[in-house]
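Please open the structure in your viewer and keep a selection panel at hand. The stops below say what to select next and what is to be found there.

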Amino acid sequence: MIILTRKINVDTNAAREEQYVAVINITPKIQQQMELAYMSNGTVTVFLPGTTAGVGTIEFEEGLIADFKNMWARVVPREIVYRHKFLWEENNGFSHIRASMMGQSLVVPIANKRLILGQYQQIVLVEFDNRARSRQVVLQFMGE
């Protein structure tokens, strides 16, 4: 069994006009790291250290992405008062709640050096914070 850990960097900015939800397709970056790994079959764990962004899968289509962003604005609105504030007044409680609901990890099977995803399924990093971030996503490949 081979265990290989890699990292990918993703710059994000959840802009106000996007309701503080930025959806970034990271599937190509993960597949690129998969092709460099010395294994053909197994799994990859995608983990995002941090508490104001999440990872998941979605059909990366413009209409669905707009619906997804609107859903977050309805379910966890930015405009209400949150008790969470840092000493420097970031006022991003909504970002933490959205991220905790989405989750920070995902496991994807690998077969014949390819990620096993549905026909339109893509792996995405979703930034919820109210400022630009430079994220580092950890990939841990396990298999043979």
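Throughout this tour, buried means under 20% relative accessible area, exposed means over 50%, and partly exposed covers what lies in between, with a 1.4 Å probe and protein chains only. The model is predicted, so that local features need pLDDT of at least 70 and side-chain atom pairs count only at pLDDT 80 or more, while totals for chains, interfaces and linings use all residues. Residues are numbered from 1 along each chain as its sequence is written, and side-chain values use heavy atoms, with hydrogens and water left out.

**Stop 1: an aromatic pair**

Begin by selecting Tyr 20, which is buried because its relative accessible area is 7%. A search of the whole structure finds three aromatic pairs, where rings of Phe, Tyr and Trp (its six-membered ring) pair if their centres lie within 6.5 Å, and planes under 30 degrees apart count as stacked, over 60 as edge-to-face and the rest as tilted. One of these pairs joins Tyr 20 and Phe 94 in an edge-to-face arrangement, 5.6 Å from centre to centre with 65 degrees between the planes. This pair links distant parts of the chain, as Tyr 20 sits in the loop between S1 and S2 whereas Phe 94 belongs to helix H3 (residues 93–102), 74 residues apart. Helices (H or I, at least four residues) and strands (E, at least two) are DSSP runs, numbered from the N terminus. Phe 94 has 1% relative accessibility and therefore counts as buried.

**Stop 2: helix H2**

Next select Phe 68 and Trp 72, an edge-to-face pair at 6.0 Å centre to centre and 85 degrees between the planes. Because they are four residues apart in helix H2, Phe 68 and Trp 72 are separated by about one helical turn. Both Phe 68 and Trp 72 are buried, and ring pairs link Phe 68, Trp 72 and Phe 128 into a cluster.

Now widen the selection to the whole of H2, whose 14 residues reach 20 Å from the first C-alpha to the last, close to the 20 Å expected at 1.5 Å a residue; the expected span is 1.5 Å times one less than the number of residues. Which residues of H2 are buried? They are Ile 65, Phe 68, Lys 69 and Trp 72, and they cover an arc of only 95 degrees around the axis, which puts them on the same side of H2. The arc is that of the directions from the helix axis to the C-beta atoms. The cover over these buried residues includes S2, strand S4 (53–59), H3 and strand S7 (121–127).

At the start of H2, look for a side-chain oxygen of Glu 61 that reaches to within 2.8 Å of the backbone nitrogen of Gly 63.

**Stop 3**

Glu 18 lies in the loop between strand S1 (2–12) and strand S2 (22–25) and Lys 69 in helix H2 (residues 62–75), so that the pair links distant parts of the chain, 51 residues apart. A salt bridge here is a side-chain nitrogen of Lys or Arg within 4 Å of a carboxyl oxygen of Asp or Glu, and a search of the whole structure finds four. Glu 18 counts as partly exposed because its relative accessibility is 30%, whereas Lys 69, at 16%, counts as buried.

Then move to Arg 133 and Asp 129, whose side chains meet in a salt bridge at 2.5 Å, N to O. Arg 133 is partly exposed at 23% relative accessibility, while Asp 129 is buried at 0%. Arg 135 forms a salt bridge with Glu 127, the closest N and O atoms being 2.8 Å apart, and both of these residues are buried.

**Stop 4: Thr 12**

Leaving aside neighbours within four places in sequence, Thr 12 is in contact (heavy atoms within 4.5 Å) with residues including Ile 24, Arg 133 and Arg 135.

Note on methods:
Polar contact = N/O pair within 3.5 Å; in protein donor to acceptor, adjacent residues only side chain to side chain.
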